[in-house]
Structure formats: C-alpha cells, structure tokens
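The tour moves from one selection to the next.

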Amino acid sequence: MTQPSVPPPLASQPPPTPAPQSQGGGVQVRCAGCRMILTVAPGLIDFVCPSCQMHQMLPPELMSRVHNNHQQKNIQQSQVPAHGIDPSKIQLPCANCKAILNVPHGLARFACPQCGVDLAVDLTKVKQFFSLPPTRPLPPPEEVNEVAIEVERDEDEGGIVGETFIDYRPPKLSIGPAHPDAIVETSSLSAVQPPEPTYDLKIKEDLETKKALSCLQIETLVYASQRHHQHLPNGARAGFFIGDGAGVGKGRTIAGLIWENWLQGRRKTLWISVGSDLKFDARRDLDDVGATYIEVHALNKLPYSKLDSKSVGIREGVVFLTYSSLIASSEKGRSRLQQLVQWCGSGFDGLVIFDECHKAKNLVPEAGSQPTRTGEAVLEIQARLPEARVVYCSATGASEPRNMGYMVRLGLWGAGTCFDDFQKFLGALEKGGVGALELVAMDMKARGMYVCRTLSYKGVEFEVVEAPLEAEMIEMYKKAAEFWAELRVELLSASAFLASDKPISSQLWRLYWSSHQRFFRHMCMSAKVPATVRLAKQALMEDKCVVIGLQSTGEARTEEAVTKYGLELDDFISGPRELLLKFVEENYPLPEKPEPLTAEEGVKELQRKRHLATPGVSLKGRVRKLARWKPTSDGESDEESETDSAPESTESDDEFQICEICNTEEERKKLLQCSCCGQLVHPACLVPPITDLVSEDWSCYSCKEKTDEFFQARQVYLAELLKRYEAGLERKSKILEIIRSLDLPNNPLDDIIDQLGGPDKVAEMTGRRGMLVRASNGKGVTYQARNTKDVTMEMVNMHEKQLFMDGKKLVAIISEAGSAGVSLQADRRAVNQKRRVHLTLELPWSADRAIQQFGRTHRSNQASAPEYRLLFTNLGGERRFASIVAKRLESLGALTQGDRRAGPSLSAYNYDSAYGKKALMVMYRGIMEQDTLPVVPPGCSSEKPETVHDFIIKAKAALVAVGIVRDSIIGNGKLSGRIIDSDMHDVGRFLNRLLGLPPDIQNRLFELFVSILDLLIQNARIEGNLDSGIVDMKANIIELQGTPKTVHVDQMSGASTVLFTFTLDRGITWESASAILEEKQKDHLGSSNDGFYESKREWLGRRHFVLAFESPASGMFKIVRPAVGESVREMPLSELRNKYRKLSSIEKARSGWEDEYEVSSKQCMHGPNCKLGNFCTVGRRLQEVSVLGGLIVPIWGTIEKALSKQARQSHKRIRVVRLETTTDNQRIVGLLVPNSAVETVLQDLAWVQDIDD
C-alpha cells in the first residue's frame, strides 16, 4: 500500500490483539513496512502488522508510554494524539473503509485517500464525533422578510428576454455586394467584434468584377485564410468553423476558399460531405465563382490504387468523397484513408473540408455506447495531416457540445488551454447550460475562428398542426395495441415450452420492442396521411407548391413483400402488417422439430448407448475388425499378427476366440461378432443359421429384440414431440392469420403519392429504388423501378428535383436519405417560384436533422419564404418525437439560432430533460403506490378518491402490458410488480412504449406525466434553479461606469477579456406608477382589483408597497415595486390578497411609495445589518453590476473557482446576461460576476496574466 497523500488514515481495523481497544489504553504507531497506522494494545511490546504481516517492536520512546498507560487505564486515549493525527483538523471515519481521516474545517466534499470513495461531511452528525467547546448563547433567530425573498427570486431569474436576432453586416470589411437575402445573427454574437482583418485575398479583383460572392461570403474567406496562418500550442495548424445556417451559401464560400488556395499554389483539396450527389453541387459552386478549371474527382468512381499513379493520373484538383467512403476499404484491405494521406503527401498544407461535419458526431458518445467509426476516421485524418488547413462546415455542428469532440483544430481544449482534454471542456459546458454554449460561440467569433449567420426567418410561417385521429383509425389503433399485448403474452407462454438451454429470450424481446416501436411510429405516420393530403390539396388550390418531408420510406417492407407476392398486387403494401408478419415468422419460438429415426440410425444410437453402458468391454485389439465371411489368403497371417500385437493385448488372444453357443474354437476365421453385445458365434450355430454374408453392424437375435422395443418407445416419444411442434406451428399460423385479417394502414409514402395524383404529379427524392404504382385501369398496383430508360438510378433524384424546380410537378416528397444538401426553395433562378408549403409528416429523430430538413426549402435567393406545417397526432406518445426535436432546437438555439426564443418555439414538447427524468420517477412511484402522486390524475377528482384508485389500477395494468412493470403477480386482488432502476429514469423508453397503448389510457398517462413535469419546472423556477439561458437585464437607466478594464489577452488572436461595470437604476417614481395606473383605468379595461397595495406585515418597522394590475393575457396580476420596477413573476389574486391589502388613501400610498423609493437607493431590503453588506443587491434601486465580456473560455476555470466560493446559491451559477446602455445603446453580453466575487476573480486573473507574460 503506497503512502497516502493526506496524513495517513488510522488503521481501518485494529489488529487482533488480546486486549480490546475499548479499555482506553494502547498507543498508535506507524507500521515500518506498509506505513499504516496501527493501534497496539496496552502491555504489548512486539506485534505483527495485520496488513503486511511484518514482525516488529515498539520504538523505545513508546515503551515507557505503554508502561504508564498500563497503570492509568482510565486516562482518555484522546489525550495522546496519534502519530499522523493533525490536531488542527477534524478527525472523521470514512463511511466505507472506516479509516480515520484528517478533514480540514470547512471542506464539505472529498475522496477517501485509502479506498477512493467520494465522501461528504454531514454537519448534523459531526457533533457525535467530537465534543464542542461550550457555545455562546445563539443570537435570536432573525425574522424572514417574505417580500425580500420574492424580490430575490425575481432577481435570480433575471429580466425579461428581449428580441434575439440582429440584422447582419460584416463589421470590418466592405468588399463585395450585399447578400441577396436578409441575414441575421444572434444578438449575443453580434455583441462581439471579430479581430481586425489582415489577410489580403488573391482573388479580390476577380470577385469584384464577377460579383459571384456576397460581402459576407468574402468575409468568411478572409477570416478563414487568416486563421489558417496560425498554429495551435500543440503545433497543428489552426482550423476554422463555418457555422452558417442552412441556405446561407456555404457551398459557394467553400468554392471561393478552394480557388483562393489554388492561386496560392495549394492545388490539392479534400472535400468530404454526406452524399455523392452533392458532387454536382460542388462542381456548380466552383463554376459559379469562376474556378471552372479546377477539376472535381469523385472518389467512389476511382480504384484503390495510388491516385497520382499513371493509371489514375490525378495530380491536382478536388477529391470529393463521402464520410462513408472515409471508412471504406477494399477486399485486399487497402483503406481509402491511407490512399488519401498518401495522395496528400508529407507536409500537406492544402484544404481539408469537413462539409456537413455533424455527420462525424458521436465521437464522444454518451455512457455505454461506442464512438462511431466515422468520428474516429475524422480525428485520424486530422492527426495524420497536421499542417492541413481544416475547415468545419455545419449548420448544426455545435448544437450539442458533445458533438464538438472532433473539432480538435479549434484549440478550445488541449495543451495551452484551461481544459486538459475534451471531457473537461464538455463537463464545464454541461454545468453552464445553454448560456455557456453561447459564450463559447462568442469566444470563437472574437478569436476569428467562427462565423455563424442564419437566414432571417422573417416571413417564414410556422404552424403546429395537430391531426386528430379519425374514428376508423382510433379503432384500428386500439385493435393493434390489444394485439401487441396479446402477442406478448403468447410469446411468453410459447418460450416457456422451450428447452431452457436456449438463450433466446433477451434477443427475442429486443426484437419485439424494436418492432413494436417501429410499428406504432408507422401507425402515427399513417394517421397523418389524411391531414397531409388535405393540406397539400388546399395549398395547391391557393397556387402554392408543396414539399412533404418524412424520414422512412418503408422500402425494406415493400421489397420483402414484392419478393414474397410477386410484382403485381391487389393493393399497396401495409408496412405495419409486413413488419408484424416478418417478426412473427422469423421469431416465434417453436419447439425443435424432431427428426424421425431410420432403422439404421436407431441401431447405431443403441450401440452407442450400450457401449457407454458396459465399461468392461474394449473391442479394440482383442477382436477382429470385420466379422464377416472371408476366404483365407496368404496375407491372413500378417493381418492377424498385426491385430493381435495391438498394445492393449497383454496375453495371447486365443482364449477369447470361442463361439458362445458351442464353446469350441473351430473355424475361428468364420466367427461372427455381434455389434451390440460383442459376443462371438458361428453362423451355423445360430437358430436359424445364417448362410449369407452379413454387414459389419450385424447384431445377434436377442439384441435385435431389445432394439425393436427401444424403437417403439422412441417412436412414442418422437410422436409426442412432433405433436408439440405441430401445435406450436398451428398457433403460429393462427397468429399469422390474425395479422393478415387485421385492418392496418398502407405504406404512407405510396398512399400520399397515389392520393395526390401518382408519380406523374409528384416528384420523389428519396433513397428507395422502386415504388408501387396504381395500374392505369385503377385495379391493383404494380412494382416498378423509379428511374426510366433515359435516367440512371443515381441521377433519378436530381432529375426529379429538376422537374419540381421547373414547375412540371408541384408536389415534392423528400426523405432524409434523398434530400441532404438539396435546394428546393422558391429560387429566383428557377421557373417554379410559387410559395413553398413544407409539411413535416414525421419529425426526424434529431433536431439537427429537422433543421436540415427545414433548410431544404428556406435558402438564399428565394422569391418567397416557405410556410412550415409540423404535423402531430393527438396521441400522447407521439409528441415524443417533437420533444426530441424541441430539445435540440433549444440547444441549437444556442449556437445557431440565438437563444431559446430564436427558432420556432417547440419547447412545450421537451420531455427528455433532467426534469423529465425526475417527473417520470415521481409518476412511476405514484402508480406503484410507493408514494402519493403530487397531482390529481387526468379524469379524476380529489373529492372522489375512488376515481384516483381506479386510474392507478388501469395505469398499472397498462405499464404491465408494455413491459415496464416486470415480474407482475396478482395477490389479494392487487397487482404488484417492480420497475427496474434503469427504466425509472428512461423517458425515451416510457414515451416509446406508451405508443403501444390504446389511445384513451395512453393520453391519460401522458397528461399525468406532463402535469407532474410542469409542477417540477414551476417549483424549480420558484427556487431559482432553472437554467434560463441568456437573460436581459432591464432598468430605466443603464450607464457604463468608467472605462472597461482589460483583464486578460489571448496570445494567439490578440482578443481580450474585459470587465465592464454598469450602474443600473431600476426604480419607478411615484409619477410613473400613477401614470401606469391611470392608463389602465382610462379605458375601463382594468379590473376592480387594480391599484396600490401595502404589505400586511412589517419588517424592520417598515411595510412594502406595490402597484398591482391584472394582466389581460393570463388573468394573473402584474406587480410593480418602487425599488425594482416590474416583476417577472405574476401573482394570482389569492396570493396578492393574502400578503397585501389594498390602499384606499392615495396620500398614504404616495408617501409610502416615495419613502421606499428613497431608502432603496442606499440599502437592500434586508436592512442596514444585512450579512452581505454592500454586496447585497436584493431590492436595491441603484445597483452596480459587473460583467465580464469578450473572451471567456480561456479563463473559465478561474471564474468557476471564484464563483464556487460564493455564499448565496444563485451566485454560484454561471449566468450569462445581456445589457444595453440607455445612453448610447452599446450592447454587452457576458458573464455576470456577483459583486462579492469581483475581487477574487481579478486576483486570480492577475495571476493568470503573470504566468502568460
């Protein structure tokens, strides 16, 4: 055991010694071998260490102590501090290994140096371990000022959140024409200036004449080229991140960058993207900027040999490849990655472009899953080309900090930064929430490595359309849900029949649940077909055109069905039905089919058994190999000698060679041997005698009889097995029959195309190869390939896109596979400029993809902005998909869409959050009756407890049916079971399984979950723990105080961190307050309860005054206070009447208001004796606010450390705020530093500064 770094702990267990320690004697000594502290019982002089078994003696100076101790047994052991005990600290035992640890005062959390367990000090229990000195009498408990608490909560929550997008123009460059569309930037990013441009473009003249790139695309070229001149502390060349939203024109920007590098003599470029179709776009972009002579080579069309060899002959140009070919290799084991690295050559300093680089995500997956090979390949190619000029492009690249793991060239973590590795960077961001992500984006912009502009969503309409299920569909859904539940019971009983040695069950259930989820997703999609068709037809009538987005095409099911039933069918395939049939056909657990035994096999089987049964008989060597008639020959003697000299034979073989019937040795050559019992007989001695030749497995008559008996028994056994097998088979075919008879919806894709006029009217851009088309006479459907003679399969999507853009087809259906990077906007260059109506039939699994899908129809240079219609059904579980999208849109919000309020608001649907997990646990515990439910379940009333009881029974049964409650048993008329821990927090699983319940109970369970979630979020908001992203600080007067201090400068980019100090006056004068009230009363719109109120209680001899008026939107009351202005939180009337009373006397209101207005300029609401003193801002009208702006990431650790020492909980959180000065409208976004922490931060930063200097 190595010596611990803390003063070593006491022995984890006292060594076995004759005298127990409790007698109070004994001394403590450190073992000479393992350095552990041992307690030696009184009277002992030599001992053995129980840990390292070393024999040793007490040192002489302790001998006397032992002697004295022996005489004074009753003297407390504590008077002799052991060696290794530090009297200046508290000694506490480790909860795990019981070692005594020296804990410094005030340290609340630490790890045990001996066993490594994380420990926390529980102060309530510490008192048991040591007696405290007599305490002074405590001061009387201070009164809690409720109003102050309310105001403090309000302040913690921050102000109201303002508009989030600002029109964008390049701040420091003026080359190039304006962009054709309105481009915006999040207001937080716009508060940061990029560095000074110093790079001089070679293609500047050409650009000015051609006007092919707009000013903001040229700005990107300058900053990217400038950034590529820098190197990171680890020696690799710095990279650039283009985070522009979908449709801003990333393709042309990249083409411009390739052209610039070409003119600088760097003629090799790697362009890695998502689909090989995009090669045509790459070619188009290069032509657009005027680089027509730069060739684009598609890697998938090239062999695996050297690219610059004579046979391939690619010396320069752009090699275009997809992420999947980056991880491809040939049969001979040559890899594409190797081939590319070889082509680039050593010292390669050309461009490597990771286009749509979010495809490389999951390099740092969540716990339990593996990193993707793509992510690893992206890292490897960057490591092997350290001088390459890397560009990351993605509209959604940083939507989740976890997905930034491959962006190693940004230099945000690693050597020379305050995060040693990506995990630490990730940890800091996840702690900081949405605001932290925003800060990282601002940081990257300030250091000149990031641009992120979005097409303005002005003019775009978002509408969430709920498509309620039609009666027929509800019936269909109910039956399907019941069928799945019955199928589960059926599978359970069928697997119980099987031999238990088959590890079938886990695999079977995995397949069962994944099919279950796919089936019901399909049902949800089909439920939306009528609404989709209705909306599409309506849009076409309004002279618009339609784009319908879905995720899955159902191709696999269709192809299976076509192979099964032939190319001509009566009707479209039903995806859900084929899925069910396939699942049952392939996975229904049948007993094994018995093989009937033939007579010959039966004999062999029996012989084998008999052999095994008689251990004494060893035929080898003692008996002749073949028992059959043989003419004697000259070779005979040799053969015999050979056999007889076998090693097993120890005596002469003669005595064994006798006929069992006549007991003679005559005609030894003719003896037959029974293959079962092994006895030897003459053929002539048998009754009846044998005259013919016999086979080698001949058996004697008695054995034959036994064999026949065995056969009969065996036959009976096999018949029984066969009966079981056939019964299983019959059950299986019955189930298949039921599936075929179920009424299930058709494949949505084919259905929509058919209802909107067939393939002649609908352009399809999907990944599938063939489709079902209704026959011209309207009877039946046939399967045909999507491409025609003139169009190859790989060009079919491009061809269909052209037909749509030319207005020959006015409906387009896109799937994810077919639509990456495709532009379908109302392009001013296209014939079809009708307004696009974009319907999302299926929201993609991730919001990145949703944004990608929205970006197909909302792009630069469009005649009109699209209308989005997001379709949901009213099934509880289906909102799940929306919830995931919302979650991403929220954090996408952070790096691409500004903050939370930026993109379309779907956050009402975000369930898979920390609060969602907690709500789920609360709900499960309530349903399992381990706790009471915090809300009344939907459809129940608190007056009638039996309705709640009834709901709980139904809910429990529902959870059993979808496998969340396991091991269920019914006892005493009650259903009981358990929910395993991993399911307790798995919101995804709950929402997926929920889909498999009949609509009624499904919606009730879902509503219960949502109402619990709302309650938890509400509580978190009241307690001030909710991460609200960026907060606007509002006040009547905001002024910058003095000149901002530069506290840190980044060596590489010269960007700096600045400390701003603002003074805010938040108060509202009596005149303004009266004016507000008059305004309300003037139009007689106000309520009779509007007016001035005073608090019913006094604090420190004062009452607090407020103005309250009803907010027409919510029916709650808005509160305005003299010191802090309008409160964020509205108050229900009941609470208002409970805490305040209305003033009838205007004079009293006026004097109270003016008095509070005056006092609040100098002190906080806690009065003159507040613990935080001058640092406290609660309810103070004049406030000083310190904000760190500019670069934050490099000094993140310093700030976190300073904040962690703050006394008030809300001050420990990293909070990002935005202020705009009222005098000159200067906007600052940065970290709010509590006044009490400013000193610490500055001291620590000065320290950072010195080191850097």
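Start with the aromatic side chains. This is a predicted model, and a search of the whole structure finds 25 aromatic pairs.

Select Tyr 477 and Phe 520. Their rings form a tilted pair, 5.4 Å centre to centre, with 50 degrees between the planes. Tyr 477 belongs to helix α13 (residues 471-496) and Phe 520 to helix α14 (residues 504-527), so the pair ties together parts 43 residues apart in sequence. Buried or exposed? Tyr 477 is buried, at 0% relative accessibility. Phe 520 is buried too, with a relative accessible area of 0%.

Tyr 477 and Phe 520 belong to one aromatic cluster, along with Trp 484, Trp 509, Tyr 512, Trp 513, Phe 519 and Phe 583.

Now go to Tyr 304. Arg 336 lies over the face of this ring, at 3.9 Å from the ring centre.

Next, the nonpolar cores. The largest has 75 residues, and Phe 354 and Leu 1188 have the most contacts inside it. Helix α12 (residues 422-446) gives the largest share of this core, 13 residues. Select Phe 354 and show what it touches: among them are Ile 272, Tyr 323, Val 378, Val 391 and Cys 393. A second, separate core has 69 residues, including Ala 527, Ile 927, Leu 959 and Leu 1016.

Finish by colouring by confidence. The mean pLDDT of the chain is 77, and 79% of its residues reach 70 or more. Select residues 886-909, where the pLDDT is below 50.

Definitions and conventions:
Residues numbered from 1 in each chain as written. Predicted model: local features only at pLDDT ≥ 70, side-chain atom pairs only at ≥ 80, totals over all residues. Heavy atoms only, no water. pLDDT = per-residue confidence, 0-100. Contact = heavy atoms within 4.5 Å. Core = buried A, V, L, I, M, F, W, Y, C linked by side-chain atoms within 4.5 Å. Buried < 20%, exposed > 50% of the residue type's maximum accessible area, 1.4 Å probe, protein only. Helix = DSSP H or I, 4+ residues; strand = E, 2+ residues; numbered from the N terminus. Phe/Tyr/Trp six-rings, centres within 6.5 Å; stacked < 30°, edge-to-face > 60°. Lys NZ or Arg CZ within 6 Å of the ring centre and 35° of its normal. Lists of a residue's contacts leave out its neighbours within four places in sequence.
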